[in-house]
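Here is a friendly walk through one model, with a look at its DNA surface and one of its sheets. Please keep the viewer open as you read.

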Protein chains: 2
Amino acid sequence: MASIKDVAKRANVSTATVSRVLRNTGNVTEETRQRVLEAIEALNYQPNVLGRYLRRMETETVLVVVPDITNPFFSKVLRGIEAVALKHGYQVLLGDTQNDARLEEQYLNVLPQRQVDGMIFLTARIRKELMEEMAEQFPIVLACEYLEGADIPTVSIDNISSARKATEHLIRLGHRRIAHLSGPMNIILSRDRLRGYYQALAQHEIEVDAALVQEGDFTYESGYNLTLKLLAFEKPPTAIFAANDEMAIGAVKAIRHRGGRVPDDVAVVGFDDIQMASIFEPSLTTIAQPMFEIGQKAMELLLRLIEGIDVERRQLVLPDRLVIRDSCGGGRSV
Amino acid sequence: MASIKDVAKRANVSTATVSRVLRNTGNVTEETRQRVLEAIEALNYQPNVLGRYLRRMETETVLVVVPDITNPFFSKVLRGIEAVALKHGYQVLLGDTQNDARLEEQYLNVLPQRQVDGMIFLTARIRKELMEEMAEQFPIVLACEYLEGADIPTVSIDNISSARKATEHLIRLGHRRIAHLSGPMNIILSRDRLRGYYQALAQHEIEVDAALVQEGDFTYESGYNLTLKLLAFEKPPTAIFAANDEMAIGAVKAIRHRGGRVPDDVAVVGFDDIQMASIFEPSLTTIAQPMFEIGQKAMELLLRLIEGIDVERRQLVLPDRLVIRDSCGGGRSV
DNA sequence: GATGGTGATGTAATCGATTACATAAGCGAG
DNA sequence: CTCGCTTATGTAATCGATTACATCACCATC
């Protein structure tokens, strides 16, 4: 394996000059530049990036921590991150925690170990103090989620208002017994969507029935099973607001499995607007999040942190919108 | 940021001893070990892995090149890779090519650059000679795909026989005008599935109608659009075999959009058995691939290559199976 | 008590690039 | 012609860990 020394020797220059040619910096005459390039070509030389990393103390790599890469929502956000990273010459290291909060904290360590220049969390179940301590010293961005009361750069939508919007839509359609399939309660985003749900009920003076709130885990299976449970109640809900589309699809399947029709017997609203939301039948009324854009903005924000550029707006709230389709009836179909 | 020197100074030992404690190698008395550990604790020291990488010339990182991370098939394979990697202390770098073959070749360069210890390709559109040249020098594994005539370690299923199996199922149900929605023809896997389709037709002496083979790109949209085209023929097909589930779902939607019923008017068979295949209605008859296991085996194979262990079986063909559901009628529902 | 072996620790080279600093050459202005 | 500035190039330190090799102390053996 040829090293920079071999190139230098062959081109009859010093390693410094070779490096200058490689990095396209400083002053090199066209003639020596050509000589160096020829040597590189002849030796089939590829610079060993580990030497560069150590010397420059940066790797042009960012770590993205995701709770579950098979979740289409996250993979779409990741795509946005990748797109911006690639454009700026950064690489993306993937950390799939498989929903294990302890793994999340472990991944934090790659920062002081200098393995990556910064990181983006698509999930935030890390202790606030720890996260704040790290975020002070290293570039960290939260995407999708935020940490209550912590001043950490964040890109997300307003989960409270969008959940309220979704619930209100059901209320407007005449529903009063509205169930909520929430995400895991140790995730802020889940709590926010629940809060928005409560706000909508309160605003329309609908009494809260605690049994109508069921905690799921964002999987199809949990949506399915919890809905079966809801339908077994003496007074089952006439509408279900699920905290994501996969659970909503699970809900629809469960309702049908019990012989019900959607939206005629039970209306369903989802969240995220993944591709399947419009393909599935009935197509899902849902809250559309700008997934790709969340990823893009998060990466752009991270880049600015890495480059030490002063970031004026550290918290970014992107617009979402209610997409009305067939799963809740009443509205027009899109 | 504390370095190993600081720890050495504080513990009153040499850096060599600190390193011995860190790596848990060589002979260190329990007493000095404790002293070193205390110093590490006190300084909140984290070893800078870049120094280690350079000296050891390995990064315990592997690169996975995937054509599209939002494709549930690939993300499931990736999960299998991740699981094994994590267990062995390896990290996973993600390279999403967004279906750009040129990017694929570019990613090959990270190997001589020493940035990763090995790589797994979930897609193989790289020139054979180039790939072979690299695979001779560095640990490379192909998952899902293989390269014709090249002796590169590979984990996959037998796409020809499984496509034949799927097509034969349709023939057994009485279909004679069977269309095939193929994947991109520059991918071997697509060509293999097409070949299996042809083999089944030939075996049952069904004449091939070239117009019934339409080249898609594995996306829902292409499945939808190509099916609309097929349905516009004077003699439209009575069955469609799609090269993956997403195109199959697109086909179903297109058929319905034209007022047809599945499977009554047109039968549909997919490929992969992604989660949505069983959720979607009608549930899809499809070829189930062991996605997670493909990832696992590929990573295990790669690990052995990295560690220089002689690999006896370089080509691994995993079993697939035909899952019969509702989208093609006739069979029992699962 | 000399010899050799073992275990604990230190010294310093090493990995491969980058870059601060030194040096030399070339050129224009006075 | 000389001074000073610019440009091109070289020398060598540096990044932080790992590790080959050296050293020393201690103990057992004959």
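The notes below turn to conventions, then to DNA strand D, then to a sheet in chain A.

## Conventions

This is a predicted model, in which local features need pLDDT of at least 70 and side-chain atom pairs count only at pLDDT 80 or more, while totals for chains, interfaces and linings use all residues. Residues are numbered from 1 along each chain as its sequence is written, chains are lettered from A and ligands numbered from 1 in the order in which they are written, and side-chain values use heavy atoms, leaving out hydrogens and water.

## Around DNA strand D

Which residues come nearest to DNA strand D? Of the 27 around it, they are Ser14(A), Asn27(A), Ile4(B), Tyr45(B) and Arg55(B); a residue is near if one of its heavy atoms lies within 4 Å. The surface divides into nine nonpolar, twelve polar (Gly counts here) and six charged residues (Asp, Glu, Lys and Arg).

Polar contacts are pairs of N or O atoms within 3.5 Å. A polar side-chain atom of Thr17(A) sits 2.8 Å from a phosphate oxygen of DNA strand D, and for Ser19(B) the distance to a phosphate oxygen is 2.7 Å. Arg55(A) instead has a polar side-chain atom 3.0 Å from a base oxygen.

## A sheet in chain A

Four strands form an open sheet in the order β7-β6-β8-β9 of chain A, with parallel pairing; strands are DSSP runs (E, at least two residues), and two of them pair if DSSP finds at least two bridges between them. Its edge strands, each pairing on one side only, are β7 (213–215) and β9 (267–269) of chain A.

Four bridges join β6 (178–182) and β8 (239–242) of chain A. In β8(A), Ala239(A) is the bridge partner of Ile178(A).

How values were computed. A polar contact is a pair of N or O atoms within 3.5 Å; within protein, one must be able to donate a hydrogen and the other to accept it, and residues adjacent in sequence count only if both atoms are side-chain atoms.
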